[in-house]
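Visitor: Please take me slowly through the salt bridges here, and then through whatever surrounds them. I would like the cut-offs behind each term as you go.

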Amino acid sequence: MIKPRGRGEACLIRYADDFVCAFEYQQDAEAFYQELGERLGKFKLELSAEKTRILEFKRQQSQTYFEFLGFEFRWGKDRKGRAHLKRRTSRKRLKKSLERFTEWCKENRNLGVRKLGKQLRAKFQGYYNYYGVKGNSRRLQEYYDQAMGILKKWLNRRSQKKSYNWQGFKDTVSYLKVPRPRITEGAKLPEGAVLLRFELYMV
């Protein structure tokens with residue numbers, strides 16, 4: 001729609017109805033935004049006004065960031081001082097993940113040790129597989145630390161008598177082989193000077 005007629009490079013990163021478009025020049029981004037709205041209208045679709053915006057996203061603007069698929073993207077510097085695109089779990093998604101884990105602990109605190117360990121290993125490994133990208137170690141550790149506190153709280157509510165102090169709880173976590181935070185491979189978002197963040201909804 002725009003790339004053949006655009007002045008510079010362009011790309012689209014999409015997941016379901018949520019996507020980001022990156023353009024080298026703001027003029028191309030604005031043209032795409034206008035034409036996309038007109039084309040979607042033909043199919044009785046509209047862009048979500050609250051979640052659609054044009055954002056200038058350059059290396060020189062380190063405070064500018066955007067969120068996409070549970071990650072926060074911003075420019076920073078690597079260990080050699082070079083501009084580097086950083087990704088970390090968004091605060092909003094971290095909060096929701098911990099809320100879901102709390103509900104799971106409430107519902108499953110009385111599981112047998114073997115079954116509890118199996119499900120815990122799967123939950124934590126699944127979380128690391130998605131959020132274990134380079135540069136996200138602190139948010140992974142934050143999730144793990146808070147989740148351990150939540151788990152201890154609800155395991156201690158299985159009976160009127162308190163079951164675990166911290167050392168006893170740590171020994172249990174070790175016995176259950178709950179994986180600690182670790183970096184796994186993750187896809188990189190292509191660099192772009194100007195980004196368009198979209199979300200669609202039916203009208």
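Guide: Lys106 and Glu103 form a salt bridge whose closest N and O atoms are 3.4 Å apart, the term meaning a side-chain nitrogen of Lys or Arg within 4 Å of a carboxyl oxygen of Asp or Glu. This is a predicted model, in which local features need pLDDT of at least 70 and side-chain atom pairs count only at pLDDT 80 or more, while totals for chains, interfaces and linings use all residues. Residues are numbered from 1 along each chain as its sequence is written, and side-chain values use heavy atoms, with hydrogens and water left out.

Both Lys106 and Glu103 belong to helix α2, where they sit 3 residues apart, about one turn of the helix; helices (H or I, at least four residues) and strands (E, at least two) are DSSP runs numbered from the N terminus. Lys106 is partly exposed at 34% relative accessible area, and Glu103 is partly exposed at 39%, where buried means under 20%, exposed over 50% and partly exposed in between (1.4 Å probe, protein chains only).

The structure holds 6 salt bridges, and Glu142 takes part in one with Arg91, at 2.5 Å from N to O. Because Glu142 is in helix α4 and Arg91 in helix α2 (residues 91-108), this pair ties together parts that are 51 residues apart in sequence. Arg91 is partly exposed, with 43% relative accessibility, and Glu142 is partly exposed as well, with 22%. Glu142 also meets Arg139 in a salt bridge of 3.9 Å, N to O, and these two residues lie 3 apart within helix α4, about one turn. Arg139 is buried, its relative accessible area being 9%. Elsewhere, salt bridges with shared partners join Glu72, Arg74 and Arg88 into one network.

Setting aside neighbours within four places in sequence, Glu72 is in contact (heavy atoms within 4.5 Å) with residues including Tyr65, Phe66, Lys86 and Arg88.

The lining comprises 16 residues, with Lys86, Arg87, Arg88, Gly135 and Asn136 nearest the centre. Strands β6 and β7 (83-89) and helix α4 (137-155) are the elements that give it two or more residues. The lining divides into 1 nonpolar, 5 polar and 10 charged residues, where Ala, Val, Leu, Ile, Met, Phe, Trp, Tyr, Cys and Pro count as nonpolar, Asp, Glu, Lys and Arg as charged, and the others, Gly among them, as polar.

Notes:
1 Å grid on protein atoms, 1.4 Å probe; cavity = no way out; pocket = protein on both sides within 12 Å on 5 of 7 lines; lining within 4 Å.
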